[in-house]
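The following exercises are to be worked through with the sequence and the structure at hand. Each task is followed by a stepwise solution.

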Amino acid sequence: MSYIVMARKWRPQTFESVVGQAHVVQTLKNAIGANRISHAYLFTGPRGVGKTTTARLLAKAVNCLSPQEGGEPCNHCVRCEEIGGGGSTDVIEIDAASNGLVDDARDLREKVRYAPVSCRYKVIIIDEVHMMSNAAFNALLKTLEEPPAHTLFILATTEAHKVPATIVSRCQRFDFRRIPTKEIVGRLSTMAAAESISVEPEALEVVARGADGSLRDAQSLFDQVVSYSGQKVTAQDVVTVLGLVAAEVFSGLVDAVSQRDANRALEIVEQLVSGGADLRLFMKDWVEYWRRLVLARAAASPQDLPSLAGYRAEELVRQAKLFPLEELLQVAKVAAATDDQLRYTQHPRLLLELLLLQLCAADRVVSLETVWTQLQAMETRLASAEPPAAAANRFSPAPQAEPAAAAAEPEAEAPAGEPALVADALEDVPPATYPDRVRQAWPAVLLAVGNQNRRVQALLRDVTVANAEEGWVELDCASAYHATGLEQEEARRVVEAALAAELGRPTRLRVKSQAAAKAETEAPATKQDFEEIARREPLVQKTLEMFGGQIVDVVRKPPAGGTK
C-alpha cells in the first residue's frame with residue numbers, strides 16, 4: 001500500500017521528538033554521551049506512549065556511524081537507515097506474545113553468542129515481554145545477566161508486575177508515563193499543519209481526551225476523523241465519528257443537578273441512549289468533568305491550572321461556583337463509585353438514572369464559610385441582648401454584699417432609650433439554672449473537643465448532660481463503651497479543658513452509664529440474658545449490621561478482683 005498511516009508516518013526519528021518522556025530521553029542521551037550504556041533495559045508503561053519507538057532510537061544511537069551532539073542519531077548513515085527501515089540483521093525485534101516459549105528463548109540465547117554482522121551492537125528488542133513463559137524467562141536469565149559485550153537487550157511491557165523480579169533486577173528500569181493532554185494536542189496540531197488540514201482547537205481536545213494519554217491512539221483517532229471529514233475537521237465531526245459525547249452534554253447535566261431539575265437530567269439520558277452513546281464511556285468522561293469542576297472550585301486562580309487552561313475553562317469556572325466545595329467533593333465521590341459499578345453491571349442506564357435522581361433529590365450542603373458566618377451573627381445578637389456585666393458574671397459565684405458606704409453611693413443614671421428597655425425586659429426572664437447553662441454551652445464544648453481530639457469528640461456524640469453544679473459536670477453515656485472511653489486520662493483531660501474554657505472556671509468530669517448500671521442490677525443468670533444485653537449495645541448493633549454477622553458467644557467482664 002502506498003498510504004502510510006499517521007502513527008507510522010509521524011513516528012519520532014530523534015530523541016528530541018519523543019513526546020512526554022523527557023525523564024527517559026535525557027537519561028539515555030546522557031548515558032550514550034558518557035559511554036555508560038547498560039547491557040539490559042526494561043521499558044514499562046501504558047500503550048502508545050513511546051516504549052518501542054525509544055528502543056529503536058536507542059538501537060540507532062548506539063550503532064550510528066556519525067552520532068550527533070547529545071547522543072542523537074544522525075538518521076543519514078547506512079546503519080541508521082538500515083535500522084530505521086527494519087532491514088538490519090543486527091537489530092532483532094521479537095514479539096513475546098507469539099514467541100514466548102522456552103524453545104524460542106533457547107534459540108535467542110544461541111543467536112546472541114555470535115558477533116554482529118555490521119553494527120557495533122547486536123540489539124535484541126523483546127516487546128510484551130510479560131507474555132513469556134516462566135521456563136522461557138529461566139532459560140534467558142543467565143544470558144540476560146551476563147550477555148556478550150556486543151549484545152544489548154531492551155525489554156518492553158505494559159504490565160511490569162508480571163515480569164519476574166529476577167529479570168527486573170538485571171535491567172535498568174524506565175517507567176514511561178501517560179502523555180498529558182496538552183502535549184498530545186500540540187503534537188496533533190503540528191501534524192495537522194504539516195498535512196494542510198484545517199482543524200478546530202476543540203476537535204483536537206476531544207481527540208486527545210478520547211486517547212487517554214496515548215499518543216499513538218490519538219494519532220489513529222485523528223487519522224480516522226480526517227478520513228471522514230476531509231481537510232476540514234470540526235469538533236462535531238470528532239464526536240460523530242468516535243461516538244463520544246459533546247462537552248455541552250456534560251455542562252447541561254451539571255446545570256440540571258445544580259437546579260435540582262430531575263426531569264431535565266432524565267431527558268438528557270434519554271437523548272444519549274437514543275443517539276447510541278456508550279454510557280460506560282460517557283460516565284468515565286463525566287467523572288473527569290467533575291474532577292475539573294473540583295479543581296476549578298478549589299484553586300485560587302483556575303485559569304492558571306494546566307488541566308483547565310484553554311478548552312471551556314470559563315464554563316468550568318462558572319459551573320464550579322454553583323456548588324460549595326464540600327458538595328462538589330461529595331458528588332465527585334458518588335460519581336466515581338457509580339463509574340466503578342457500571343463496569344460490571346448489565347443495566348448501565350438504570351444506575352446512571354439512579355445517580356442523577358439521587359443528586360437532584362439530595363439536600364444542599366452548606367459550606368463551612370456559611371456556617372461560620374451564621375455563628376458570628378448569632379454571637380452578635382446574643383451579645384447585644386445581654387448587658388456586658390451580666391455576661392461576665394454568668395458563670396461566676398454570686399458576689400458578696402458590698403460595704404454600706406459603697407451601697408450609699410448614688411447609682412449612675414441609666415441612659416435614656418433602648419438600654420433601659422432591654423434591662424427592664426431582662427428582669428422578667430427567669431435566671432437559667434447551672435445545668436441549663438452547661439447544656440447551652442455543650443455545642444461549643446463539642447466543637448472545642450473536636451479541634452483537639454476527634455476520637456474523644458466521637459465518644460461525646462451519644463452523651464447527655466445528666467447534672468451539673470459549680471465545679472463539676474455529670475455525663476450520662478449511652479453505653480458502657482462510651483463511659484469507659486471517657487474515663488481514660490487523656491479523654492478526661494481534653495473534655496475538662498473544654499468545659500473550663502466555655503464555663504469560665506475549672507470543672508471536673510463525672511461519667512456514668514445507665515445501660516451498664518441497669519445490666520449490673522439485673523444480674524442476668526443465663527447465657528440468653530447476656531446475649532440480649534449485648535445485642536442492645538449500639539456498638540454491637542452497628543458491628544452486626546456492617547459485617548452481617550451474628551453473636552456466637554458472650555463473656556461478661558468480671559468486676560475488679562472478681563470472677564466470671
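**Exercise 1.** Against which helices and strand do the buried residues of H8 pack?

*Solution.* The model is predicted: local features need pLDDT of at least 70, side-chain atom pairs count only at pLDDT 80 or more, and totals for chains, interfaces and linings use all residues. Residues are numbered from 1 along each chain as its sequence is written, and side-chain values use heavy atoms, with hydrogens and water left out.

Step 1. Helices (H or I, at least four residues) and strands (E, at least two) are DSSP runs, numbered from the N terminus.

Step 2. Buried means under 20% relative accessible area, exposed over 50%, and partly exposed in between (1.4 Å probe, protein chains only). In H8 the buried residues are Ile-184, Val-185, Arg-187, Leu-188, Met-191 and Ala-192. Viewed down the axis of H8, they fall within an arc of 165° and therefore line one face of the helix; the arc is that of the directions from the helix axis to the C-beta atoms. On the other side, Lys-182, Ala-193 and Ala-194 are exposed.

Step 3. With contact meaning heavy atoms within 4.5 Å, the buried residues of H8 pack against helix H1 (6-9), strand E6 (198-199), helix H9 (201-211) and helix H10 (215-229).

**Exercise 2.** Classify the ring pairs of Phe-250 with Phe-282 and with Tyr-289.

*Solution.* Step 1. Rings of Phe, Tyr and Trp (its six-membered ring) pair if their centres lie within 6.5 Å; planes under 30 degrees apart count as stacked, over 60 as edge-to-face and the rest as tilted. The whole structure holds 9 aromatic pairs.

Step 1. The ring centres of Phe-250 and Phe-282 are 5.4 Å apart with planes at 25°, so this pair is stacked. It joins distant parts of the chain, Phe-250 lying in helix H12 (residues 247-258) and Phe-282 in helix H14 (residues 279-298), 32 residues apart. Phe-250 counts as buried at 2% relative accessibility.

Step 2. For Phe-250 and Tyr-289, centres 5.8 Å apart and planes at 40° make the pair tilted, because of the angle cut-offs. Phe-250 and Tyr-289 are 39 residues apart.

Step 3. Phe-250, Phe-282, Trp-286, Tyr-289, Trp-290 and Phe-323 form one aromatic cluster.
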